[in-house]
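Have the structure open as you read.

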Amino acid sequence: MKSKVQEAKNKHKNGYNCCQAVVCTYAPLLGLDELSAFKAAEAFGLGISKRYETCGSVCGMMILAGLKNSDGNMAKPASKFATFDLGHAMCEQFEKWNGTCICAKLRGTDGKTDRLRSCRGCVADCARITEDFLFKGQFEPYEERRSDEE
């Protein structure tokens, strides 16, 4: 299957916040319709509701990790620690590429001059990580050059 990284970037370009762009691209593949995903992810933009803390794109990956990995057993949940491990590994990959998962540090003081990564670049990175970790071998590799222009 063709990579959906560009689809996630396009969603962000067309007004979805960073979390919505990531979640809405992959949620239908995990049993959640796009409208419900859009609504659920809305408050996670700008580092969780303009707090500039954990990057919204990273939060989106965590939502997807839960959708993919949870056993859904509310009476006796057994998958949460495995899901924590999965999410942790995904965050580590993001930090390896970008140095942090903190929105304020990624964006810098004005979102341009001293930023580590653009919001759309974070969306692209999280989409790539989602494909690599949650859909291993199901997507063609996303081959576009990784730059801050994404």
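## A pair on one helix

Lysine 11 and glutamate 7 sit four residues apart in helix H1 (residues 5-13), so about one helical turn separates them. This is a predicted model, by the way. The two side chains form a salt bridge, with 3.7 Å between the closest N and O atoms.

How exposed are the partners? Lysine 11 is buried, at a relative accessible area of 12%, because anything under 20% counts as buried. Glutamate 7 comes out as partly exposed, at 31% relative accessibility.

## Lysine 11 reaches another helix

Lysine 11 also forms a salt bridge with glutamate 34, and here the closest N and O atoms are 3.0 Å apart. This pair ties together distant parts of the chain: lysine 11 belongs to helix H1 and glutamate 34 to helix H3 (residues 34-41), 23 residues away. Glutamate 34 is partly exposed, with 28% relative accessibility.

## The other bridges

Searching the whole structure turns up five salt bridges. One of them joins arginine 51 to glutamate 53, whose closest N and O atoms are 3.1 Å apart. Arginine 51 is exposed, with a relative accessible area of 54%, while glutamate 53 is partly exposed at 35%.

Shared partners also link some bridges up: Lys4, Glu7, Lys11 and Glu34 end up in one network.

## The enclosed space

How many cavities of 30 Å³ or more does a search of the whole structure find? There's one, and the largest cavity holds about 70 Å³ of space. Helix H7 (103-107) and helix H8 (119-134) are the elements that give two or more residues to its lining. H7 gives the most, with three residues.

If you want to click through the lining, the residues are Cys18, Leu46, Cys55, Ser57, Cys103, Leu106, Arg107, Arg117, Cys119 and Cys122. By class, that lining splits into seven nonpolar, one polar and two charged residues.

## The open pocket

Now for the largest pocket, which has a volume of about 170 Å³. Its lining includes Arg128, Glu131, Asp132 and Phe135, along with Lys136, Gly137, Phe139, Glu140, Pro141, Tyr142 and Glu143.

Which classes make up the lining of the largest pocket? Six of the residues are charged, four are nonpolar and one is polar.

Key. Residues numbered from 1 in each chain as written. Predicted model: local features only at pLDDT ≥ 70, side-chain atom pairs only at ≥ 80, totals over all residues. Heavy atoms only, no water. 1 Å grid on protein atoms, 1.4 Å probe; cavity = no way out; pocket = protein on both sides within 12 Å on 5 of 7 lines; lining within 4 Å. Points joined across faces, edges and corners; volume = space filled by probe spheres on them. Nonpolar A, V, L, I, M, F, W, Y, C, P; charged D, E, K, R; others polar. Salt bridge = Lys/Arg side-chain N within 4 Å of Asp/Glu carboxyl O. Buried < 20%, exposed > 50% of the residue type's maximum accessible area, 1.4 Å probe, protein only.
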